Every structure is written in C-alpha cells, then in structure tokens.
Amino acid sequence: MKRNGCFFAILSCLLLISCGFNQEKSALKMTTELATESYDSYGGTITATKIEDETTVVATYTAMQQGDTVPLAFKGVINQVCKVKGCWMKVAVGGEEEIMVRFKEYGFFVPTDVATDSVVVQGKAYVSETSVADLRHLASDEGQSQEVIAAIVAPEKTYAFIADGVLIQK
C-alpha cells in the first residue's frame, strides 16, 4: 500500500509540474478537435474529458513501474497494426517512444490498413516486460522474416495499454 501511495504522490507531482497553462490549452484544443474531426469508432465510447498530450503521456509512463496501472486517454499516430486481424497496434508518442495497444478482453479489432493514421485511445496504461516468445509472435504478426524472428533473444520493457475505446481518423 505504501508503494502505491508513493507512486501516486510522485506521479501527481510530475503531472502538476508538466501540466502548466500551455499544456491545459493544448489538451482543451485536442478535445475540441475531437468534436470537429471525422473518426471511425471501435470498442467503447470515448468518454474522457481530457486527451493527454505526448509530453504528459511519456512522463506518466516514465514514472510507472511494472504492475502499476493508470487510466489514460491520449492522441497519437499509429506506427504498426497486426496484419493478421488488427488485434493490436503500436502508437507513437514523444519522438522515439511507442505504446503497444491491445484491446479490452480481445473484444474488438481495428482495420489492418490504418498505419500512419491519427488515433485517440482511452483505457489503462501499464508497463510490462514482453517475453521472447511474445516478441517473436508479434514479429511474425508483423510479417517479419524468419531471420529477424530468430534474432530476438532477450525480453523487452514495453509501454503497454489496454484500450476500451479507439477513434481512428478517417
């Protein structure tokens, strides 16, 4: 319990520091954009009143440890999608950072041809370690060669997300 309390205290401080006046205006602008842009909806309805910007998302993940979960809604760009059935996607945030997004209870999928599209996701953020077997499975889903798949020999820390709702810009 003390560990969770410390985590939330540190996270709150980081968010307060990083969420200055300009950040609030940016989040409000992003929420307004959602009302005017055309999106296709997958899964549940996006109910978040604040869509976080990339800086806040990266700060949130940086402060997290394996086993922590944080409710979150954010906007990003899809880097990759499962080419088999759209059962996961990787979303770019903050330069080189990427978030592995899966869908709540495997209850919905996204189209397999949406790479490079803008996306808004809502759900829970967490940090995990992806095993070699899972990394190889993902590489296979991406259509990677056997040589690339065989070269995966170490687990990887992953910024992960379980989405209960997704909006993909048309």
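## Cores, aromatic pairs and pocket of a predicted model

In this predicted model, the largest nonpolar core has 27 residues, of which Tyr 61, Phe 74, Met 89, Ile 99, Val 101, Phe 161 and Val 166 touch the most other members. A nonpolar core here is a set of buried Ala, Val, Leu, Ile, Met, Phe, Trp, Tyr and Cys residues joined through side-chain atoms within 4.5 Å. Buried means under 20% relative accessible area, exposed over 50%, and partly exposed in between, with a 1.4 Å probe and protein chains only. At least two residues of this core come from each of α3 (54-63), β2 (69-81), β3 (88-92), β4 (98-103), β5 (118-130) and β6 (156-169). Another core, of six residues, lies apart from it and includes Tyr 39, Ala 73, Val 120 and Leu 167.

Local features need pLDDT of at least 70 and side-chain atom pairs count only at pLDDT 80 or more, whereas totals for chains, interfaces and linings use all residues. Residues are numbered from 1 along each chain as its sequence is written, and side-chain values use heavy atoms, with hydrogens and water left out.

The protein chain contains five helices and six strands, in the order α-α-β-α-β-β-β-β-α-α-β from the N terminus on. These elements are DSSP runs numbered from the N terminus: helices are H or I with at least four residues, strands E with at least two. Of the 170 residues in the chain, 41% are buried. Among contacts (heavy atoms within 4.5 Å) with a separation of 6 or more, 73% join residues 24 or more positions apart.

Rings of Phe, Tyr and Trp (its six-membered ring) pair if their centres lie within 6.5 Å; planes under 30 degrees apart count as stacked, over 60 as edge-to-face and the rest as tilted.

| Pair | Class | Centre to centre | Angle between planes |
|---|---|---|---|
| Tyr 61 and Tyr 159 | stacked | 4.7 Å | 20° |
| Tyr 106 and Phe 109 | edge-to-face | 5.1 Å | 85° |

The stacked pair of Tyr 61 and Tyr 159 links distant parts of the chain, with Tyr 61 in helix α3 and Tyr 159 in strand β6, 98 residues apart. Tyr 61 counts as buried because its relative accessibility is 1%; Tyr 159 is also buried, with a relative accessible area of 15%. In the edge-to-face pair, Tyr 106 is partly exposed at 46% relative accessible area, and Phe 109 is partly exposed at 32%.

Tyr 106 is found in the loop between β4 and β5 and has a positive phi of about 55°, although it is not a glycine. Thr 116 is placed in the loop between β4 and β5. Thr 116, not a glycine, has a positive phi of about 80° and is exposed, with a relative accessible area of 64%.

The largest pocket holds about 330 Å³ of space. On a 1 Å grid over the protein atoms alone, a pocket is an open set of points where a 1.4 Å probe fits, with protein on both sides within 12 Å along at least five of seven lines; lining residues have an atom within 4 Å of a point. Grid points are joined across faces, edges and corners, and the volume is the space filled by probe spheres set on the points. The lining has 16 residues, of which Lys 90, Glu 98, Leu 135, Glu 156 and Thr 158 are the closest to the pocket centre. β4, α4 (132-141) and β6 each supply at least two lining residues. By class, the lining has seven nonpolar, two polar and seven charged residues, where Ala, Val, Leu, Ile, Met, Phe, Trp, Tyr, Cys and Pro count as nonpolar, Asp, Glu, Lys and Arg as charged, and the others, Gly among them, as polar.
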